[in-house]
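Please look over the model shown below before reading the points. Comments on individual points are welcome.

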Amino acid sequence: LISGATSCDLLEVMEGKPNVGTYVVNISPDEESAEGSSVTACFKDLTRDPYGSEPELLVEGMWSITFTVNYTTEEEITIEGNSDMTFPFLGTTATVGKIKVTPLGMSIRSDVSNVPYDDLGISDTSLQVRIRMVDGTEQLVMSHNMEDVCITSNGSVSYDDKDGTVWQTNKFEFQDMLDVKKVIGIYIEDTYIPVE
């Protein structure tokens, strides 16, 4: 099972071929697949507006597509966390384990072991995240205020427990490509983490 942010949008219908369509599917898995490995995506029942009041079944059945993993991003920022990278979280603190930023999105893996595991599922575990650019401007990735304009189109949160440490992974997909070479730092809540 793949968790995380997903979307499926119709890109185009070919002229003269009304039964052929090109779709763009975005999937944010919890674990990264190795470059060059094979991945099989399985689909069931292509439905228009599946969560709307009048969903329409377009194609019934199951099918799969196998493809080779080929990452289109050549630049990325990876920051390994440490004990100095703590930030306020649900009345206590959390610590950054790893941050990864690509032109297409970013992920933040945090040690949230200070919070009882049962509280994570019923609490607002969102983070305020900003990216500081070389010209001094800031790009708002996620905010606690729903009315703020953010640069993301999708986001997800997941949890895993490894050897007694509870990790929260926040993933964000950017609406537009980000120039990673111009990123100089990241704010998580009010904690500033420079890109070195």
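1. Basis. This is a predicted model, in which local features need pLDDT of at least 70 and side-chain atom pairs count only at pLDDT 80 or more, while totals for chains, interfaces and linings use all residues. Residues are numbered from 1 along each chain as its sequence is written, and side-chain values use heavy atoms, with hydrogens and water left out.

2. Sheet order. Four strands form an open sheet in the order β10-β9-β13-β14, and the pairing is antiparallel. The edges are β10 (138–142) and β14 (191–194); each has a single partner strand, so one side of each lacks a neighbour in the sheet. On average, neighbouring strands of this sheet are turned by 25° against each other, direction ignored. Strands here are DSSP runs (E, at least two residues), numbered from the N terminus, and two strands pair if DSSP finds at least two bridges between them. For the angle, axes are lines fitted to C-alpha atoms, and angles run from 0 to 180 degrees between N-to-C directions.

3. The β9–β10 pair. Strand β9 (residues 129–133) is joined to β10 by four bridges, and the two run antiparallel. Opposite I131 stands Q139 in β10.

4. T191 belongs to strand β14. Is T191 buried or exposed? T191 is buried, with a relative accessible area of 16% (buried means under 20%, exposed over 50%, partly exposed in between, with a 1.4 Å probe and protein chains only). Leaving aside residues up to four places away in sequence, T191 touches T86, F87 and I186; contact means heavy atoms within 4.5 Å.

5. The T86 side of this site. T86 is in strand β6 (residues 86–89) and is partly exposed, at 30% relative accessible area. A polar atom of the T191 side chain lies 2.7 Å from the backbone oxygen of T86. The contacts of T86, again without residues up to four places away in sequence, are A94, T95 and T191.

6. Cysteines. How many disulfides does the structure hold? The structure holds zero, a disulfide being a pair of cysteine sulfur atoms within 2.5 Å. C42 counts as exposed, at 58% relative accessibility, whereas C150 is buried, with a relative accessible area of 17%.

Note on methods:
Polar contact = N/O pair within 3.5 Å; in protein donor to acceptor, adjacent residues only side chain to side chain.
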